[in-house]
Amino acid sequence: MLFWRLCVRSGLKYALIVIVFVMGFLMSGCSKCPLFHELTDLEKPFGVESTQAKTDPQHFNVFIDASMSMYGYTGDNSDLFRIINTVISRIPNNATIKLYRFGRGSSELQGDLRQVLHSISNRKFYNEGDTDLNEPFKHILDDRNSINLIFTDGVQSTAHSLSDYVIFARNLKSYLGEHGFFSFKGTQASFEGYYYSEMKKASLNIAPGSTRPLYCLTFGDRKYAKFITDKFSDLFENHFDFGFVSDNKMDFVDNVDGVSVPKGLVFNNDDYDLPLTRYTLKNQAQELNFNLKGYEDSFGKTIDYTVAYMAKTDTSYSVIDDAHGNVNAEVTIGTDRASFIIPFPYKDRGCYLIRLTFRKTLPKWIEEWSTDDDYKIENQQKTFNLANWMGFIMDSFEDYKYLATTQYYLHVDRR
């Protein structure tokens, strides 16, 4: 009826203008890029596996370093006992728990949970002359469905300790395969008594009120990584994790000059429920300059990126062939701002989703807590060869699919 009246009153020309306007309006309304509601919506185009299992882990193996160097952690108000008991209390009641002691050798502790925990809290339990950190692997080679926790001071006291750190890294990589996570947690725990130096093969008497590093190594199937992070991370002051990507609070910020580069890249909004910032690009560009705040030193400055594309007539995103690489972030000193440039030679209009993963580097605390001279009393809060040990693990997992600290997504609507 409207079309007919327009034709009669104003002529066909005006009617066609109205029709074109209406069609353009409808098409523009239908062509908007889709919203994302869950993290899995962002991860799915890139083949990222979820770190959230549908059920809690049901099997736990807990290994206690029973060497004499651990004896000093067992004084009054022991942090060691407090942390172990807290970890055990947070394991689901329906889960199976096996506890082991290890030193030069290793064995499963017998009895019910109460008996076992009582034996661990007895200072006489810590009487092993040496520590071989590879011993726990003997008990889990055929057990790939459990979460494994190793409590230790991190000192490999064998005849060829440096080589055995390498063997540990290889055992860990072999055990985890392609779908595992590793979390190395450390805290300064109460310590008094004797520490046995690996460098001098002599003892140091650590004064009451002192602390020494205590570690918990946790590893298993990556689908349980979030459970471990949520349940145990608050017990330790420092963390070194890989095999899963952690949450972050990064979001948009103008660069130093307050100008978006290239011209035409317009910030739309941050999705504070997701690691996502949205932009609109109105002009063609060969590269995009992004500026984010909320950067943390532990992220590392090397960023791997992958680009997925969805035409506005499509229903899903697909990764663009060869649309991946790595760039270096420029971090403004004294701030949490990071700037980086992503190549963008894509001319097609539509929706582009860019996944960023900040490549894992050893955090500063690893180097700060490491020493090559554990006989000096001023190094009592450090661990002999810690940096070497963690370095061997990094080298072993260099090409690991999930060797990243965190992930973030940039969405670009190319108009």
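Two strands pair if DSSP finds at least two bridges between them. Strands themselves are DSSP runs of E with at least two residues, helices are runs of H or I with at least four, and both are numbered from the N terminus. Keep those in mind.

Now, what you see above is a predicted model, so residues are numbered from 1 along each chain as its sequence is written, local features need pLDDT of at least 70, side-chain atom pairs count only at pLDDT 80 or more, and totals for chains, interfaces and linings use all residues.

Start with strand 4, residues 147-152. Is it buried or exposed? Buried means under 20% relative accessible area, exposed over 50%, and partly exposed in between, with a 1.4 Å probe and protein chains only. Six of the six residues of strand 4 are buried, so the rest of the structure largely encloses it.

Look at its side chains. In a regular strand they alternate between the two faces of the sheet. Here Ile147, Leu149 and Phe151 point one way, Asn148, Ile150 and Thr152 point the other way, and all are buried.

Which strands pair with strand 4? One is strand 1, residues 59-65, in the parallel sense over five bridges. There, Val62 has Leu149 as its bridge partner. Another is strand 6, antiparallel, again over five bridges. Phe151 is bridged to Cys216 of strand 6. Cys216 is buried too, at 2% relative accessibility.

Move along to strand 5, residues 180-196. Of its 17 residues, 13 are buried. Find Phe191: its bridge partner in strand 6 is Ser210. The hairpin of these two strands has six residues between them, and Lys201 there takes a positive phi near 55°.

Strand 5 also pairs with strand 7, residues 238-242. That pairing is antiparallel, over five bridges. Gly186 stands opposite Asn238 of strand 7.

Next, the cysteines. How many disulfides are there? A disulfide is a pair of cysteine sulfur atoms within 2.5 Å. By that rule the count is one. Cys33 and Cys351 form it, with their sulfur atoms 2.0 Å apart. Cys33 sits in the loop between helix 2 (12-30) and helix 3 (39-43), and Cys351 in strand 16, so the pair ties together parts 318 residues apart in sequence. The torsion about the S-S bond is about -100°, so this disulfide is left-handed. Cys33 is buried at 12% relative accessible area. Cys351 is buried as well, at 1%.

Last stop: Gln407, in strand 19, residues 404-414. Gln407 is buried, with a relative accessible area of 3%. What does its side chain contact? A polar contact of 2.7 Å joins it to the side chain of Glu43. A polar contact is a pair of N or O atoms within 3.5 Å; within protein, one must be able to donate a hydrogen and the other to accept it, and residues adjacent in sequence count only if both atoms are side-chain atoms.

That's the tour. Thanks.

Key
Heavy atoms only, no water.
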